[in-house]
Structure formats: C-alpha cells, structure tokens
Amino acid sequence: TDAKKPDQSIIMSQQRKRHIAEYVIKCLKQYGICVFDNFLGVQKGNEIFGEVKHLHSIGAFKDGQVVSESVPRPTQTIRGDKIAWVAGHEPGCQNIGYLVENIDSIIMLCNERRALDTYHVNGRTKLPVYFCTFLAMVACYPGHATRYVRHVDNPNQDGRCVTCIYYLNKNWNVQKSGGLLRIFPQGESKVIADIEPIFDRLLFFWSDRRNPHEVQPAYSTRYAITVWYFDDKQRAAAKERYMQQVLQQSSKQSSKT
Ligand SMILES: COc1ccc2cc(-c3cnc(C(=O)NCC(=O)O)c(O)c3)ccc2c1
Ligand SMILES: [Mn+2]
C-alpha cells in the first residue's frame, strides 16, 4: 500500500503561507507579539488534538523540569506543566509534524524578508541541553490550578529568538477554566496582552526579555505545542559559553583530584 499521502485538500498553499508571513512580520515589528486564528482549520486541528491526547494517554508527558541557574525550587510552585518532546515523524505524530512543517515554512518566509529583527533564524528547536535534534514541545497543564509563574523564555541569550505556540483547546472558557497567557510587553507599547489558549490559534512572540509572560492557573486540561526558533549567531555564542563552562568545571575537578 502506498504511504498515507496527506489529503491534498488541506496542504497549505504557498500563497496562504506568504499571506500569513506578511501578517506575522507586521505584528512582530509593531508589537513583538502576533496572534493568528484558524491556522489549520477544524479537521487538521482535530487530528493534531487527537495525537496529543493519545500521547497523554500513553504517559508520554513528563513533569516540566525547570532549567534555572538559581537553586532548583520544587517545580510545582514554578510551573505545573507536563511536557513531551516530539520531532513529528514518530509513529502517530504525523499531524504534529504537519503543524511544525507549516510553522517552519512561515518562519523561513519571514526570514527571507530579513524581517525577524536583526536575527538570522536558520535552526529550529533543539533540546535546551544542546542536543542537535529539532523538536516541538507538547505541553499539558493538567488543570487543578497548575500554572507557570511570570518568566522570560530566553533571559540569557541562549539562542532562542522567536517562541511559537499552537493551542488545541476547544470551547475554552477563561472565566471557568483560567489558563490565560498574560504577556507584559517591555517595549514602549507596555500594553498587557491577554491571550486565550483557544483551538487552532497560533501565537508568535520574541523569546527574550521584551516579553515576560505567565500562564494563569488552569482548571481544565490545557494543551499547547511550542516550537522555538534560534538565531544562529546567538546560538553559536551560547554553545561556546556552555563549552567554556564545561571545560572550566572539568579543569577545576581535575585540579582537585
Ligand atoms: C529540558 O528543559 C526544559 C524543558 C521544558 C521547558 C519548558 C518551558 C516552557 C516555557 N514557557 C512556557 C509558556 O510560557 N507557555 C505559555 C502557554 O502555554 O500559553 C511553557 O509552557 C513551558 C521552559 C523551559 C523548559 C526547559
Ligand atoms: Mn514561556
């Protein structure tokens, strides 16, 4: 049997991708944040949601550990999400793969226009511990008031320049279920952005200190898929710093022994 060909009717046209990229460029330049609704449509959105629920049902989600320089505090006070790293070609994840491919091509279109700030985005998410694989982070806030306190995704130049989040939550009611994403833009606009994590919504924002944000307590299961885009120069510098730290640590160790 021939490999399952994606349904031609829902391959996103180049023209639509260009239209979205124009919109993303305009918003990121003006506000540093961009919300685009009805990104893939109900059918594709449902298929992706189904794959994420399947991942959850087979226990693929692990507690979100916090990578922080400060003394690690119990994670449940900082963030309650559970995460699963997905490349998109694993069995049962091809629709997540379709989502990531489409986001990729939009970001690359923005990049061609030299529009992503001074960044040159050529790589996509790699595990924060410097593995060279490209991954999307599927996150679940399992309800019972799980939250993520105000934070910056990339406070110390680790290379990430754009955060892109795709939400999967049907008929989400913030009054009942909370889970609002609140962004506190640090630019001149200073207008707080309250973003509801609604189904088939795509969000982009600069990952650095321009966009501190928080996930308010969620009272229903809240799913999202995040991809971070790297600036290659910043990334290379971060890797260099990381390797220097490792070398210093090992030379300290060897001088002790
Ligand atoms: C291995 O190390 C890891 C592993 C996972 C990590 C996940 C995050 C993270 C950052 N931001 C958000 C967020 O802001 N979500 C906003 C929303 O859902 O609307 C979020 O859900 C998760 C940060 C660092 C990590 C380091
Ligand atoms: Mn974040």
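Q: Is cysteine 164 buried or exposed?

A: In this predicted model, cysteine 164 counts as buried because its relative accessible area is 1%, where the cut-off for buried is under 20%.

Q: How many disulfides does the structure hold?

A: A disulfide is a covalent bond between the sulfur atoms of two cysteines. A search of the whole structure finds 0 disulfides. Cysteine 164 takes part in none, and the nearest cysteine sulfur, that of cysteine 34, lies 9.0 Å away. For a disulfide, the two sulfur atoms would have to be within 2.5 Å. Cysteine 93 is likewise in no disulfide; for this residue the nearest cysteine sulfur is that of cysteine 140, at 15 Å. Cysteine 93 also counts as buried, since its relative accessibility is 3%.

Q: Which residues have the most contacts inside the largest nonpolar core?

A: In soluble globular proteins, nonpolar side chains tend to be buried together. Here the largest nonpolar core has 44 residues, and Phe39, Phe204 and Ile225 have the most contacts inside it. Helix α4 (residues 94–112) supplies the largest share of this core, 9 residues. Isoleucine 225 touches, among others, Ile48, Val52, Ile96, Leu99 and Cys164, leaving aside residues up to four places away in sequence. There is also a second, separate core of 14 residues, which includes Ile33, Phe205, Ala218 and Ala224.

Q: Which way do the residues of strand β10 point?

A: In a regular strand the side chains alternate between the two faces of the sheet. From β10, Arg201, Leu203 and Phe205 point one way, while Leu202, Phe204 and Trp206 point the other way. Strand β10 (residues 201–206) is mostly covered, with 6 of its 6 residues buried.

Q: Which strands are joined to β10 by bridges?

A: β1 and β10 run antiparallel and are joined by 4 bridges; in this pairing, isoleucine 33 stands opposite phenylalanine 205. β7 and β10 also run antiparallel, joined by 6 bridges, and tyrosine 166 stands opposite leucine 202.

Q: What does valine 35 touch?

A: Valine 35 lies in strand β1 (residues 33–36). Its contacts, not counting residues up to four places away in sequence, are Tyr23, Ile195, Arg201, Leu202 and Leu203. The C-alpha atoms of valine 35 and leucine 202 are separated by 5.8 Å, although these residues are 167 residues apart along the chain. Valine 35 counts as partly exposed, because its relative accessibility is 26%.

Q: What is the order of the strands in the open sheet?

A: The open sheet has 4 strands in the order β6-β11-β8-β9, with antiparallel pairing. β6 (146–151) and β9 (193–195) stand at the edges with a single partner strand each, so one side of each lacks a neighbour in the sheet. The twist averages 20° from one strand to the next. Strand β8 (residues 181–183) pairs with β9 over 3 bridges, and leucine 181 stands opposite isoleucine 195 in β9.

Q: Which residues coordinate the manganese ion (ligand 2)?

A: His151 (NE2), Asp153 (OD) and His213 (NE2) coordinate the manganese ion (ligand 2), at 2.1 to 2.2 Å. Along the chain, the donors follow the spacing H-x1-D-x59-H. Aspartate 153 lies in the loop between β6 and β7 (160–167), and histidine 213 in strand β11 (residues 213–218), so the pair ties together parts that are 60 residues apart in sequence. Both aspartate 153 and histidine 213 are buried.

Methods
Residues numbered from 1 in each chain as written. Chains lettered and ligands numbered in written order. Predicted model: local features only at pLDDT ≥ 70, side-chain atom pairs only at ≥ 80, totals over all residues. Heavy atoms only, no water. Pairing = 2+ DSSP bridges. Helix = DSSP H or I, 4+ residues; strand = E, 2+ residues; numbered from the N terminus. Axes fitted to C-alpha atoms, helices over the stretch in contact; angles between N-to-C directions. Buried < 20%, exposed > 50% of the residue type's maximum accessible area, 1.4 Å probe, protein only. Donors = N, O, S within 2.8 Å, 3.2 Å for Na, K, Ca; no water. Core = buried A, V, L, I, M, F, W, Y, C linked by side-chain atoms within 4.5 Å. Contact = heavy atoms within 4.5 Å.
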